[in-house]
Amino acid sequence: MGNGSTEKTEKILREFLRFYEDQYGVSLFNSMRHEIEGTGPPQAQLLWRKVPLDERIIFSGNLFQYQEDNKKWRNRFSLVPHNYGLVLYENKVAYERQMPPRAIINSAGYKVLTSVDQYLELVGSSLPGTTSKSGSTPILKCPTQFPLILWHPYARHYYFCMMTEAEQDKWQAVLQDCVRHCNNGIPENSKVEGPAFTDAIRMYRQSKEQYGTWEMLCGNEVQVRPEGCLGPPWILSNLVMEELGPALKAELGPRLKGKPQERQRQWIQISDAVYRLVFEQAQVHFEAALSKLQLARPAMEAVIRTDMDQIITSKEHLASKIRAFILPKAEVCVRNHVQPYIPSILEALMVPTSQGFTEVRDVFFKDVTDMNLNVINEGGIDKLGEYMEKLSQLAYHPLKMQSCYEKMEPLRLDGLQQRFDVSSTSVFKQRAQIHMREQMDNAVYTFETLLHQELGKGPTKEELCKSIQRILERVLKKYDYDSSSVRKRFFREALLQITIPFLLKKLAPTCKSELPRFQELIFEDFARFILVENTYEEVVLQTVMKDILQAVKEAAVQRKHNLYRDSMVLHNSDPNLHLLAEGAPIDWGEQYGDSGDGSDSGGSPSPCPSEAANLTEKRRRAKQVVSVVQDEESELPFEAGSEPPSPASPDSVAELRGLLAQDLQAESPTPASPLLNGAPVQESPQPMAVLEASSPPASPLGHLPSGKAVDIESPKPSDQETGEQVSSPGSRPPIHTTTEDSAGVQTEF
C-alpha cells in the first residue's frame, strides 16, 4: 500500500474516531438513564440459555478446496466450532494429531454462491474492463457441477466443490449459518460500546451523504477475535475500503497486465493485501481510542449520576426547540412520501417472517414429539439423556433450521426498495433468521428446564411421557406469546431502518445546515452527553413513529399473522420459572445417560479401561450437533435432501419396536471402504420412529413413511388473546428422528 493510500486510511480513521468519541458519551448516558428509569420490553415468557453451545462442534466433514498456489483441488477435512469460524485441515489425521489447520475462515461479510457464472459476474463487475470474452478461459473452473464459493468485496475468495447436489445443499446451509452468525451485528448485552460504534458508523456515512442500510456493518465488535466474530477493526476496514477501493481501482487497474482472468486474479490478491494492511492500521487506532474512553468513563459516569435530572431537562429543552423548527417540514414529508407506503412495507415483511416463526414452532413440536415417541416405544428413561442432548442443540442444527430460515428468502420490497434507497433486503432477512434461532433455543431451553424439574419427582415411563406432552403444550403457549412480541419489535425496527434514512435525506437540504445554531442551547458541562445531531434524529423518528406503531397495531388484529394485541398479557405466567434457570447448566449425557455409565452405585463394578474409553468417546461424540461426514472412511447419515426407502407400515406395537431395534443397532458408524478420490460416500438413512401423519409442512428434512403408533397432535396457536387456550389442531407434521453419530471433539483457537 503506497504512501497516498496509507495517508488516506489514516485520515478516514481519525475522522471516524471523532464520531465514535462523541457517540460514546451519548451512549453511556442513554444506558445509565435506561437502567434508572427501567424502561424496556415486557418480560419474556421463555427462558434464555446463558452459555449456548459451549465447546460444541457444529459441523464436520470433507469437501474439496481449490488451492490457488498450485491451481489444484484438494480434499480437506473441515469443521465448524461453536464460534462459527470455518476451520480447514489437511485431512482428518492432521486434525486428530492436533496439527495446525491450513486456514481459519471468518465469514462475516461473505456471500455464499452456488454458481460459477454468478461468481464470474461479480468478479467481472468488481474491476471494470476485465470481463472475459466468450470462449476464453475463466478465472475458475469447477470439476463438478456443485460448487460453493465464498465471495467478499475486498478479502480473498474461497472455492469449494462437492460431488452431489445433496452435499452442496448441506454445506450451503452450514456456510450460510456461519455468515449469518458472524454478521449478527451488535449483541443486545452491549449497552455502551455497541450502540456507540453503530451510531458512529451511521453518522460518519451520513456526513458523506450515504444514507440507508449498510451490508458491511457485519461482525461483533465486543467479542474478542479468537471467538470467531469480526471486531471493529474489520468493520472499520470495510468502511475505509468503501472509500479507498474506487481510488485504488482507478490507479492500479490500468497497470494490471495479462489476459482478463489474470488481471482479475491480480486485483483480488491486491485487494486482499490492502484490506489486511488497512485492518492493522484500524486495529491500532481503534484500540488506542477505546482505551482512552475507558479511562475517562468513571469520571463521565460520576457526572451523569450527579446531574442526571439536569441533563434530561437540558436535552428536552433542546428537543423542543428543534421540534418547533423541523416539525412542519417533517410532517409534510411523512404524509406525502412515507405514510402511504408503510402498510405495503409491513405486509412484505410480515408474510415471510410469520411463516418462518410458524416453521420454528412446527420443527420444535416435531422433535419433542419424536423424543416422546422414542421414550414410549423403545428407549424409556434410560435413553432420555441421549435424546435430550440432541434436542438441546436443535437451534444450532443448520439443516433442521434451514426450513425455517428459507421462509425469509422470498422477502422482496419491489418498487419500495428503490424509493427508499434500500440497497439489499439481506440485512432484514438475516436479522429475522437470528430471531428465529434465538426463539427456538429459548423454547428448547425452557422445555429442558421444566423437564429437568419434573424428573426430580421420579416419574415412571408412562408418567414421563404424559409430562413431556404437558410441558410441550405449556412451552408452545409461551413461544406463541414471545414470538409475537419479537416479531412486532422486529417489524417496528425494520420500518424505522427503512424510513428514517429516507426522511433524513429528504430533510437534509433544508434542515441540516441550520442545526449548528442549536449548539448554544447545550450547557458545556453536558456537551459530552447531548449532541444536536442525535437529538435531531430522535425528533425525526418521533414524527413517523406514531404511524409505524399504528400500522403494527392494526396488523396484530389480523389473525393470519398470529400476533397478540399490545394490550394482551399472557395470564397464569410462571413467576418462579426464571429462578429455575439460575442453576448450573444441565448435562443430560452425564445425569441421564445409559445405566452403564460407569458410576459406582450400590457396589456395582467400575467399567474396564476399554469400556471407559468407549463411554468417553460416546460423550465426546455427543458434543457435536451434526456431521456431514463422520470419518474419511465412513458413510453419510440421512440428514436432508433425500427420501428414505419406504418399508411396509408396521401394524402392531411389536413390529414397530422391531423396526426401531433395527434402526438403533450401533452408536458409532461402521468403517467403509476408503473414499474414491476423496469423494464423500452416501450413507443409508436411519429413521428411529415413524408415525401416521398427513399433509406435512414443507421441509428439507424429507418425509418418512406413515405407520400406526401413538397419535399425538401438534397444538396450534390459540385464537384466544390470552394465549391460554389451544385451538383444535390442523394437519400434523411427520414424526421422525435421525441418529447422528459424530466424531467431533473440542477445539480451541
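Me: Let's start with Tyr84: buried or exposed?
Reply: Tyr84 is buried, at a relative accessible area of 1%. Keep in mind that this is a predicted model.

Me: And where does Tyr84 sit?
Reply: Tyr84 is in the loop between β2 (72-81) and β3 (86-89). Its phi is positive, about 65°, although Tyr84 is not a glycine. Most residues other than glycine have a negative phi.

Me: What about Asp421, which also has a positive phi: where is that one found?
Reply: Asp421 lies in the loop between α11 (416-419) and α12 (426-455). Here phi is about 55°, and again the residue is not a glycine. Asp421 counts as partly exposed, with 41% relative accessibility.

Me: OK, switching to strands. How many residues of β1 are buried?
Reply: 11 of the 11 residues in β1 (residues 57-67) are buried, so the strand is largely enclosed by the rest of the structure.

Me: Which way do β1 and β2 run, and how many bridges join them?
Reply: They run antiparallel, joined by 10 bridges. Gln67 has Lys72 in β2 as its bridge partner.

Me: What's in the turn there?
Reply: β1 and β2 make a hairpin with four residues between them, and Lys71 in that turn has a positive phi of about 55°.

Me: And what about β1 and β7, how many bridges there?
Reply: Two bridges join β1 to β7 (residues 158-162), and that pair is antiparallel. Gln65 stands opposite Phe160 in β7.

Me: Zooming out, how many helices and strands does the chain have?
Reply: There are 18 helices and seven strands in the chain. Of its 749 residues, 51% count as buried. The chain exposes about 33,900 Å², with carbon and sulfur atoms supplying 50% of that.

Me: What share of the contacts join residues at least 24 apart?
Reply: 80%, counting contacts between residues at least 6 apart in sequence.

Me: Now confidence. What's the mean pLDDT?
Reply: The mean is 77 for the chain, and 70% of the residues reach 70 or more. Residues 595-610 are below 50, and that stretch has eight contacts in the model beyond near neighbours in sequence.

Me: Where is confidence lowest, and where is it highest?
Reply: Lowest in helix α18 (residues 653-663), at a mean of 39, and highest in helix α10 (residues 402-405), at 96.

Me: And how many contacts does the model have for residues 220-230?
Reply: 38 beyond four places in sequence, though pLDDT stays under 50 over that stretch.

Definitions and conventions
Residues are numbered from 1 along each chain as its sequence is written. This is a predicted model: local features need pLDDT of at least 70, side-chain atom pairs count only at pLDDT 80 or more; totals for chains, interfaces and linings use all residues. Side-chain values use heavy atoms; hydrogens and water are left out. Buried means under 20% relative accessible area, exposed over 50%, partly exposed in between (1.4 Å probe, protein chains only). Contact means heavy atoms within 4.5 Å. Accessible areas come from the Shrake-Rupley method with a 1.4 Å probe; for residues, only the protein chains shown count as cover. pLDDT is the predictor's confidence in each residue, from 0 to 100. Two strands pair if DSSP finds at least two bridges between them.
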